[in-house]
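Subject: The structure, plus what turned up in it

Hi,

Here's the structure I said I'd pass on. Have a look at it first, and then read my notes below.

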Amino acid sequence: MAKQDGALFVLKKATVVIGGGRTVNMTVNGSPINTTDQGDAGIAKYLAGVLTGRSLEFSVEGQEEDQVLRTIAFGASSASFLGDLTFTFGNGDILSGNFVMTGYTETGAYEDAQTYTATFASDGDWTFTAA
């Protein structure tokens, strides 16, 4: 994989930019189904091609546009369920789907820009489109 500029990460709701990323963390999780039995001589075996509980989590830190995420964080719980969220990476890759904002933090420091950190968890499947 070629190196890419992490500062070019953009977060959109539908087609509207709601935040830019300075720091982005991504985790994809899933658990295989263990099919090990007494005939496997103590060697773990898994059901081929199947992961259960597959999930995607993003944590994004950056500058927020128009305090959209702040409004969501301090609003009704139902507002945290975000359909049509798109993450565009610096190399042009796109990740889109339905997500839940599970955490939100704001930081303001003397003589520095105010930043946000938001964490999103997938709500169902997602679509990844390579550039």
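Predicted model: local features only at pLDDT ≥ 70, side-chain atom pairs only at ≥ 80, totals over all residues.

Residues are numbered from 1 along each chain as its sequence is written, and side-chain values use heavy atoms, with hydrogens and water left out.

**The fold**

The protein has 1 helix and 6 strands; these are DSSP runs numbered from the N terminus, with helices being H or I of at least four residues and strands E of at least two. Going along the sequence, the pattern reads β-β-β-α-β-β-β.

How are the strands arranged? They make a closed barrel of 6 strands in the order S1-S2-S3-S6-S5-S4, with antiparallel pairing. Neighbouring strands of this sheet are turned against each other by 45 degrees on average, direction ignored (axes are lines fitted to C-alpha atoms, for helices over the stretch in contact, and angles run from 0 to 180 degrees between N-to-C directions). Two strands count as paired if DSSP finds at least two bridges between them.

Two of the pairings in a bit more detail:

- S5 (residues 94–107) and S6 (residues 115–129) run antiparallel and are joined by 12 bridges. Ser 96 has Thr 127 in S6 as its bridge partner, and Tyr 104 is partnered in S6 by Ala 118.
- S4 (residues 81–88) pairs with S5 in the antiparallel sense over 6 bridges. Phe 87 has Leu 95 in S5 as its bridge partner. S4 and S5 form a hairpin with 5 residues between them, and Gly 92 in the turn has a positive phi of about 100 degrees.

As for overall dimensions, the C-alpha trace spans about 65 × 40 × 30 Å along its principal axes. The radius of gyration is 18 Å, whereas a compact globule of 131 residues would be near 14 Å. That radius is taken over C-alpha atoms, and the globule rule is 2.2 Å times the number of residues to the power 0.38. Of the 131 residues, 27% count as buried. Buried here means under 20% relative accessible area, exposed means over 50%, and partly exposed is in between (1.4 Å probe, protein chains only).

**Charged pairs**

Side chains of opposite charge can pair when their charged atoms come close. How many salt bridges does a search of the whole structure find? There are 2, where a salt bridge is a side-chain nitrogen of Lys or Arg within 4 Å of a carboxyl oxygen of Asp or Glu.

One is Glu 106 with Arg 70, the closest N and O atoms being 2.6 Å apart. This pair links distant parts of the chain: Glu 106 is in strand S5 and Arg 70 is in helix H1 (residues 68–74), 36 residues apart. Glu 106 is partly exposed at 28% relative accessible area, and Arg 70 is partly exposed at 29%.

Lys 45 and Asp 40 make a salt bridge too, with the closest N and O atoms 3.9 Å apart. Lys 45 is partly exposed at 42%, whereas Asp 40 is buried at 15%.

**A nonpolar patch**

Ile 33, Leu 47 and Val 50 form a nonpolar patch on the surface, with about 200 Å² of accessible area together. Patches are made of residues with over 30% relative accessible area and no salt bridge; like charges are joined within 9 Å, and nonpolar side chains (Val, Leu, Ile, Met, Phe, Trp, Tyr) within 5 Å. Accessible areas come from the Shrake-Rupley method with a 1.4 Å probe, and for residues only the protein chains shown count as cover. Ile 33 is found in strand S2 (residues 16–34).

**A few single residues**

Val 60 sits in strand S3 (residues 46–64) and is buried, at 0% relative accessibility. Val 60 and Thr 107 are 47 residues apart in sequence and 13 Å apart in space, C-alpha to C-alpha.

Most residues other than glycine have a negative phi. Gln 67, in the loop between S3 and H1, has a positive phi of about 50 degrees although it is not a glycine. Asp 84, in strand S4, is not a glycine either and has a positive phi of about 60 degrees. Gln 67 is partly exposed at 33%, and Asp 84 is partly exposed at 44%.

Cheers
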